[in-house]
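Hello,

Here is the structure I promised to pass on. Please open it alongside this message; my notes follow below.

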Amino acid sequence: MKNKILQQDLFLLVGYLLTSAHGLYDEPAGYGPFRLMDTAGRLLEIMQDHDLSDPFLVEIQKEIATQRFGTGSDERLKAVLDQLSLRYAEQLQERFQITEEQERET
Amino acid sequence: METLDAIFSRRSVREFADEPLEAEKLGLVLQAAAASPSGGNLQAWGFVVIRDASRLAALRSLAPGVIGRPAAAVVICLDSGRANRIGGAGGERWAWLDLGLATENMLLAAHAQGLGACPVGSFHREAMAKFLELPQDVQPVLLLALGVPKQKPESPGRRSISEVIFSGAWGVPYEE
């Protein structure tokens, strides 16, 4: 049952991605980055709804929500995406740090 | 709320509280649509209301411009068949304009009752028509996301009056 709901949520996200992609041919250039950020927000919502999130992702989700519903400029969005990408990179480093043992093996 | 207050304080609301929409308030929004001015009184329009949660979720997947989770959506449709049948060669052109007038009426009626709303043009038209089972000569033009507001957006700013309003001829500054 739980998987079925997750599958449905992801099914709807696929539709959103396809219709977004089609729509972007006729929309202002700034809508592209916004839609991708919105996609991240929607995916994070699904992850939270299905207990797949964690404190870092919730924090990112909140920041994305602020941007999704705000009236910021393209420049502001670009700066926020830059910040979020850098914070993500820090997390990436923590989560995928190569241990000394792994390093020896390679 | 006074009419002018409603006009000047309305904002596009994209984030909605997880609260149901009162049927009476929604009813007034829809009545406001049907009461809108119409060129030649064509009324070549139709409004499809979606309230069911799963149908709304499905609609959001076809309409990337619906960013939050509204309690209801109204899909504003052009009835080309009626426009052409009754309005003659120019009927459809007037009918398009009528849809804009009806949309503004709905936005103001929503705002005057403390609801939030946002007109949305970003959706896949053919997919939406299929989803709503629209007849061949009816097309979705805009949709309205509606609900109890969770935000009070600031004004995104407007072009100055002197830039857009002229006196007597284009480019001549308007003075009160």
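Four strands of chain B make an open sheet, ordered 1-2-4-3, with antiparallel pairing. This is a predicted model. Strand 1 (45-50) and strand 3 (116-120) are the edge strands of chain B. Each has a single partner strand, so one side of each has no neighbour in the sheet. Neighbouring strands are turned by 25° against each other on average, direction ignored.

Strand 2 (residues 72-79) and strand 4 (residues 138-147) of chain B run antiparallel and are joined by eight bridges. Ala73(B) stands opposite Ala145(B) of strand 4.

Two helices of chain B pack on this sheet. Helix 4 (residues 80-87) touches strand 2 and strand 4. Its direction makes about 35° with that of strand 2. Helix 5 touches strand 1, strand 2, strand 3 and strand 4. The direction of helix 5 makes about 160° with that of strand 2.

Helix 5 (residues 91-112) of chain B has 22 residues. From first C-alpha to last it reaches 31 Å, close to the 32 Å expected. Its buried residues include Leu99(B), Met106(B) and Leu107(B), and also Asp98(B) and His111(B). Just after helix 5, Gly114(B) takes a positive phi of about 85°.

Last, the interface. On chain B, 18 residues are in contact with 13 residues of chain A. Helix 3 (residues 53-62) of chain B gives the most to chain B's side, with five residues. That side divides into nine nonpolar, five polar and four charged residues.

Best wishes

Key:
Residues are numbered from 1 along each chain as its sequence is written. Chains are lettered from A and ligands numbered from 1 in the order in which they are written. This is a predicted model: local features need pLDDT of at least 70, side-chain atom pairs count only at pLDDT 80 or more; totals for chains, interfaces and linings use all residues. Two residues are in contact if their C-beta atoms, placed from the backbone, lie within 7 Å. Ala, Val, Leu, Ile, Met, Phe, Trp, Tyr, Cys and Pro count as nonpolar, Asp, Glu, Lys and Arg as charged, and the others, Gly among them, as polar. The expected span of a helix is 1.5 Å times one less than its number of residues. A residue is buried if 20 or more other C-beta atoms lie within 10 Å of its own, exposed if 12 or fewer, and partly exposed in between; C-beta atoms are placed from the backbone. Two strands pair if DSSP finds at least two bridges between them. Axes are lines fitted to C-alpha atoms, for helices over the stretch in contact, and angles run from 0 to 180 degrees between N-to-C directions.
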